[in-house]
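Okay everyone, thanks for coming.

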Amino acid sequence: MASTEGLVPITREYLARYYDKYPFPPLPDDVSRLSSELRGMSEDLLRQLSATSGEEMLLLEVESPPPHKMDENLWKNREHIEEILYLLERSHWPRSLQEQSTPEDIEITNVLGELQVKLLSTLKTLESFQAKNADNIFSTVMSYMPQDFRGSLIRQQRERSERSRQTEVDALMSSGGSIRERYGLLWRQQMERRRQLAQLGSAAGVYKTLVKYLVGVPQVLLDFIKQINDDQGPMEEQRQRYGPSLYSLTSMVLSIRLLFHLSWGRFERKKLEKQTLPVLERAVDVYTAEFERFLKFIGEVFANSPFFISAEDAGAAELSKKDDYKEAVIPAGNTFEDIGFRMEYMDPSGEITLILPYRRYESSQGNFCACMTGCYKLIWDNTYSTFFRKSMRYKVDCIPPVSDIPPPTAGAP
C-alpha cells in the first residue's frame, strides 16, 4: 500500500504547470478545410432531396457543438466510426453498388474496402486506449488501498459490476438495439461509475467511518474522488488545453458519417460524383492519422499525470499562478541563497558587509534602499534545524534607481 502521508489531490493550478510540458502539436489545416468541404457536399445533396426524419436527427447533431467532456468525445468518436463501418459493410451498400455492374462501381467498392480497413484499425486503437486507461486508473487507485483481503474484495466487486454492465449491453443488442442506443447506454454506465465515486468521496457520518477505516480508503483518496468530477475541477484544465483539438476531430468524423449517410440514401438517383469519393478518401486518411496521433499523445500525458502531489507543490502552483512566486525547500542544516532573512553586500573587491542582521521569521515582506552598487545576497538560514526542512515561497523585485531632476538654472524659462 503506497503511503499518502503529506499528499493532497492534484489541483488545476498544478495541472496547468504540468501540461505546459506537454504541448500538443496543432492539427493540420486539412482538418478544418476537409470538414468544411464535406459539409458543403452534404448541403448539395440535401438541396437535391430533402432530409428524411432519420437524417434530420443526424443533421441536428452535426449542427450542435461536440460534448465538453473529453471522455464523452472519445465515446462519440467510437460511435461515429462504428456507424460509418456499418454503412461500409457490403450488405448495407446501395443495391446498384452491390451488383458492381460497371467499372466505376468496382472502383468505388475497392476504395470503400480500403476506408473500412483504416477506420477499423482506428476503432481498435481507440478501444484499446480506453481499456488501458481505465485499467491504469484502477491500478493507481488500488496502489493506495490495503493490500489484504479488502483489496481483493474491491477487485472482485469491480469485476462483478463490469460483467453486469456488459450483460446489460448484450441484452440491449439482442433485442435489436441500434449502435446509437448502445453508446447511449455505455455513456450512462460511465456516468453511473462517476456518481458512485462521487458518493464515495462525499461519504459522511457512519458511512464515512466504514469507508475510511474498515474498507481502508485513505482520506486523500476520498478528497480526490470528490473533486475530480467537478465541472470546474482539475480536469477542466485538461479540457481547456487539449479539448479543442479533440472537438475538431469529433466534428470531422461526424461530417464524414453524414456525407456517407446522405450519399447512400440518394445513390440510386445520383452515384458518388468523381470529386466526392477522393474527398471522402482524403478525409478518412487525415482523420484516422490525426486521431491516432492524438490518442498516442494524450495516452502519454495520462500515463505520467499524478493523482496526488505534495502540499508544498500544491501551494507553489497556486502562488505561482497568482503572484509569480518561486519555491525552494531548504533541508535541515542547510542554507539557501536568493531568498532571504539575512542580507549581505559584496563590493567589487569581494569584501562582504552585513546589511540586514540574521533573524528568524515566521514570514515577512518589506523593502530596503540599496545605497551602493554591487552584489546583494539574500540568504535563508536553516542551519539551526537538525530534523525539519522548510518550504519557502518567495518573490523578489528590483526597482531601478530614479535620477533626481536638477533644479532649473537662472534665466531658464
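A quick term first: buried means under 20% relative accessible area, exposed means over 50%, and partly exposed is in between, using a 1.4 Å probe and protein chains only. Now, this is a predicted model, so local features need pLDDT of at least 70 and side-chain atom pairs count only at pLDDT 80 or more, while totals for chains, interfaces and linings use all residues. Residues are numbered from 1 along each chain as its sequence is written, and side-chain values use heavy atoms, with hydrogens and water left out.

So, rings. Tyr19 is buried, at 2% relative accessibility, and Tyr18 is buried too, with 5%. Rings of Phe, Tyr and Trp (its six-membered ring) pair if their centres lie within 6.5 Å; planes under 30 degrees apart are stacked, over 60 edge-to-face, and the rest tilted. The structure has 10 aromatic pairs. In one of them, Tyr18 and Tyr19 sit 5.6 Å centre to centre with 55 degrees between the planes, a tilted pair. Ring pairs also join up a cluster: Tyr18, Tyr19, Tyr22, Phe24, Tyr242, Phe294 and Phe297.

On to the helices, which are DSSP runs of H or I, at least four residues, numbered from the N terminus. Axes are lines fitted to C-alpha atoms over the stretch in contact, and angles run from 0 to 180 degrees between N-to-C directions; contact means heavy atoms within 4.5 Å. Helix α6 (residues 103–142) packs on α12 (residues 276–304) at about 15 degrees, with the axes 10 Å apart.

Technical notes
Helix = DSSP H or I, 4+ residues; strand = E, 2+ residues; numbered from the N terminus.
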